[in-house]
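Please read it beside the model.

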Amino acid sequence: MPTLSEVLAELDTLWPAELAESWDAVGLVCGEPEAEVSRVLFAVDPVREVVEEAVRIGADLLVTHHPLYLRGTTTVAPVGPAGFKGRVVHDLIGNGVALLVAHTNADRADPGVSDALAEALGLRITGPLVPDPADPAGHRGLGRIGETAAPLTLAEFARRAAEALPRTATGLRIAGDPQAPVRTVAVCGGSGDSLFAQVRAAGVDAYVTADLRHHPASEAQQAGPPALVDAAHWATEWPWCEQAAAQLDAISDRHGWALRTHVSYEVTDPWTAHAAHTVAPETPETPGSPEAGNAPGIPGTPGTPDTTPSPSTRTGAPR
Ligand SMILES: [Zn+2]
């Protein structure tokens with residue numbers, strides 16, 4: 001059985017800490033380097049529900065994409081307004097669970113978070129959206145560009161994306177002509193509205209990311225294609241958990257470690273419900289109305305009845 005430090009050394013080869021942004025907080029948050037590791041849980045967020053799952057399944061190591069503490073703290077006391085983070089620290093240490101964060105280093109890695117997203121969407125990856133100049137092979141970097149296996153309309157692509165990504169309360173938001181052809185797609189797991197200039201320069205038909213805000217999205221749409229597909233932040237990064245678990249499985253096999261790896265299906269997107277119009281308007285849409293421009297039948301758009309079950313009642317795999 002490997003020690004935590006042995007496992008961490010291997011994971012650092014997958015997501016080297018030096019690939020992380022300077023503002024980021026990646027690496028080991030808690031855990032004894034000499035403790036033995038037999039079971040590892042992968043998740044997007046280091047939140048209470050995920051820690052409870054790690055304890056429940058007997059994990060020795062929890063690997064999350066998002067940092068627990070992105071900025072400095074002077075206390076890990078489990079009380080007060082930020083006491084939920086201190087509670088996470090206490091529950092992890094109290095139950096012998098180490099926490100490792102792989103955030104922007106996993107975004108930039110090869111393969112990285114956006115590779116997992118692109119593959120989940122069925123895209124054939126052609127390269128990074130923002131190549132890492134330090135990678136002569138041209139595989140590392142932010143975001144990915146890929147191609148669909150066959151020409152699709154935006155409505156078809158969006159429908160497939162909604163099925164391919166894990167289900168969340170909010171589903172997908174779409175901007176663009178539903179009948180526009182989609183063959184080339186840029187993706188960026190997590191918040192991607194800082195990459196519009198690179199997406200436009202790439203000349204793709206559609207851009208899949210999360211957390212798109214009104215003004216950047218509005219300006220991007222006014223400037224013309226590409227179409228926008230805005231998914232739940234958690235859903236765009238969750239596919240990385242499966243990719244990461246498979247990578248650690250391969251490492252474990254190579255070393256004869258017999259590690260047990262798990263992926264959390266806990267939906268930790270903060271949005272828990274989606275209120276939508278359930279009766280289609282009988283009068284034609286008027287320009288400027290809230291419904292204008294939304295294609296009927298595209299999952300997750302206003303005007304489409306939302307039949308998404310509550311995440312807490314969902315059973316089985318999220319795909
Ligand atoms: Zn994220």
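1. Ground rules. This is a predicted model: local features need pLDDT of at least 70, side-chain atom pairs count only at pLDDT 80 or more, and totals for chains, interfaces and linings use all residues. Residues are numbered from 1 along each chain as its sequence is written.

2. The site. An unreviewed UniProt entry lists His-65, His-66, Asp-107, His-233 and Glu-237 under "binding site". They span 173 residues in sequence, yet no two of their C-alpha atoms are more than 13.5 Å apart, so they gather at one spot. UniProt positions follow the numbering used here, feature names are shortened, and annotations may be inferred rather than shown by experiment.

3. His-66. This residue sits in the loop between strand S3 (61–64) and helix H3 (83–94). Helices (H or I, at least four residues) and strands (E, at least two) are DSSP runs, numbered from the N terminus. His-66 has 19 C-beta neighbours inside 10 Å, so it counts as partly exposed. The scale counts other C-beta atoms within 10 Å, placed from the backbone: buried is 20 or more, exposed 12 or fewer, partly exposed in between.

4. His-233. This one lies in helix H9 (residues 233–255). His-233 is buried, because 24 other C-beta atoms lie within 10 Å.

5. H9 itself. Its 23 residues reach 34 Å from first C-alpha to last, close to the 33 Å expected at 1.5 Å a residue. The expected span is 1.5 Å times one less than the number of residues. Buried residues in H9 include Trp-234, Glu-237 and Leu-248.
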